[in-house]
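Reader: I have a new structure on screen. How should I start reading it?
Author: Take a look at it, then ask feature by feature.

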Amino acid sequence: MEDETRNAGGTMSKEQDTEGGKRPHDTELYVDVPRTRLPIVYHPIYNITFMGMEKLHPFDAGKWGKVVRFLKEERFVTDENMVPALEASEEDLKVAHTKSYLSSLKWSAIVAGITEIPPLMFLPNCLVQRRVLRPLRTQTGGTIMAGKLAMERGWAINIGGGFHHCSGDEGGGFCAYADITLAIKFLFERVEGVATATIIDLDAHQGNGHERDFLGDRRVFIMDVYNCHIYPRDRIAKRAIRRNVELDRGTQDAEYLRKVELHAAGALDEMRPDVVVYNAGTDVLAGDPLGGLAISPQGIIARDEIVFRAVRGRGIPILMVTSGGYQKMTARIIADSILNLHHQGLIGPEEGEGSSPKPIGSESSVSVSSVHTSV
């Protein structure tokens with residue numbers, strides 16, 4: 001993709017300082033994006049291919065490119081109308097990460113543990129940086145960029161990201177950088193009027209990374225719906241969850257969608273945030289080797305629509321990241337869900353021209369009962 005973006009230096013004026021009096025660092029990530037581009041962020045470097053080692057982890061490290069290919073086949077996106085992601089620099093990463101943690105990633109053994117790909121420990125770190133961490137840094141940059149776009153356009157989607165097991169000082173679960181934390185901290189520091197945020201985490205796993213980062217921070221409201229019987233079972237992080245919805249193994253569409261709809265509305269009414277970060281993991285899909293739930297493809301599509309209707313119907317900007325999903329078919333489901341959001345008028349190029357999404361409860365919305373009976 002040709003890069004038409006240019007450095008905007010953030011949205012704060014030179015006279016404005018952050019809460020602690022320290023001015024934000026210079027970054028390439030807060031860029032002006034032409035209105036000809038949709039607020040959908042992606043770069044081909046997202047996809048990790050390295051001597052077949054990516055196949056040693058159940059995560060499909062090429063799913064992001066497949067999502068984009070499906071969206072292109074449906075003529076929803078092109079290389080010209082997406083926003084090309086930029087790699088987060090070390091200074092960008094320091095907004096959330098400690099220096100000691102970033103330094104630890106210079107050891108291949110540490111990266112091997114975080115990504116759960118043991119052979120990486122035997123490789124020179126320069127290769128690990130280039131072929132594994134650089135794609136993850138670029139996805140992280142994409143999430144930060146999408147945060148600014150969401151505030152400008154009302155919605156944004158990073159085709160990658162959602163590394164919700166990584167906190168400022170510790171990675172794990174294939175998550176090396178805390179992109180959700182970073183996106184929110186960038187918004188707090190740089191975008192006037194953004195003082196509160198809600199994280200709606202619907203990945204099958206507990207989002208312990210961002211939960212540890214915002215433990216005790218009342219500006220951030222966390223709703224987490226997850227299988228309580230699987231990794232990471234982080235009791236300390238759990239204290240940060242203000243809408244804690246624990247699911248049993250094998251939970252199916254009807255119960256799942258009812259809880260998502262109920263608690264998403266409740267969370268947004270309990271604290272009306274300035275922005276929502278939606279972690280839309282597809283590892284809730286039936287048959288996922290790590291998620292342990294039994295949600296159908298139609299259920300995932302309905303879930304995403306429920307969240308977007310609840311958020312956009314209240315006039316709140318939303319940033320979506322794609323997070324976990326460990327089956328080959330998840331890329332198709334993510335693409336179909338994005339297309340459904342477009343068909344329902346919840347996202348699309350017309351948003352920049354003054355149109356509004358269809359109201360909550362619209363007859364065209366996917367109902368819980370219809371999805372459940374169709375599987």
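**Reading the model**

Author: Start with a loop. Glu116 sits in the loop between helix 4 (108-115) and helix 5 (125-153). Keep in mind that this is a predicted model.

Reader: Is Glu116 buried, partly exposed or exposed?
Author: Under 20% relative accessible area is buried and over 50% is exposed, with partly exposed in between. Glu116 has 38% relative accessibility, so it counts as partly exposed.

Reader: Which loop holds Phe174?
Author: The one between strand 5 (155-158) and helix 6 (179-190). Phe174 is not a glycine, yet its phi is positive, about 70 degrees. Phe174 is buried, with a relative accessible area of 6%.

Reader: Which peptide bond is cis?
Author: The bond from Tyr231 to Pro232 is cis, with omega near 5 degrees. Pro232 belongs to the loop between strand 7 (220-227) and helix 8 (235-238).

Reader: Now the helices. What is the general idea?
Author: An α-helix has 3.6 residues a turn, so residues three or four places apart point the same way. Take helix 5 as the case. Helix 5 has 29 residues. From first C-alpha to last, helix 5 reaches 39 Å, close to the 42 Å expected at 1.5 Å a residue.

Reader: Where does helix 5 bend?
Author: At Leu133, by about 45 degrees. A proline, Pro135, follows within four residues.

Reader: How many residues of helix 5 are buried?
Author: 22 of its 29, which leaves helix 5 mostly covered.

Reader: What follows helix 5?
Author: Gly154, with a positive phi near 95 degrees.

Reader: On to the strands. What is the strand order in the open sheet?
Author: The order is 4-3-5-10-9-6-7-8. Eight strands form this sheet, and the pairing is parallel.

Reader: Which strands stand at the edges?
Author: Strand 4 (83-84) and strand 8 (243-247). Each has a single partner strand, so one side of each is left without a neighbour in the sheet.

Reader: How many bridges join strand 6 to strand 7?
Author: Five, and the two strands run parallel. Strand 6 covers residues 197-201.

Reader: Which way do the residues of strand 6 point?
Author: Ala197, Ile199 and Asp201 point one way. Thr198 and Ile200 point the other way. Five of the five residues are buried, so strand 6 is largely enclosed by the rest of the structure.

Reader: Step back to the whole protein. How many helices and strands are there?
Author: Twelve helices and ten strands. Of the 375 residues, 59% count as buried. The protein exposes about 15000 Å², and carbon and sulfur atoms supply 50% of that area.

Reader: What share of the contacts comes from residues 24 or more positions apart?
Author: 73% of the contacts with a separation of 6 or more.

Reader: What about confidence?
Author: The average pLDDT is 88, and 85% of the residues score at least 70. Over residues 2-19 the pLDDT is below 50, and this stretch has 42 contacts in the model beyond near neighbours in sequence. Residues 351-375 also stay under 50, with 51 contacts beyond four places in sequence.

Reader: How should I treat low pLDDT?
Author: Where pLDDT is low, the predicted coordinates should not be read in detail.

Key. Residues numbered from 1 in each chain as written. Predicted model: local features only at pLDDT ≥ 70, side-chain atom pairs only at ≥ 80, totals over all residues. Heavy atoms only, no water. Buried < 20%, exposed > 50% of the residue type's maximum accessible area, 1.4 Å probe, protein only. Contact = heavy atoms within 4.5 Å. Areas by Shrake-Rupley, 256 points an atom, 1.4 Å probe, with all protein chains shown as cover. pLDDT = per-residue confidence, 0-100. Expected span 1.5 Å × (residues − 1). Bend = angle between axes of the 7 residues up to and from the residue. Pairing = 2+ DSSP bridges.
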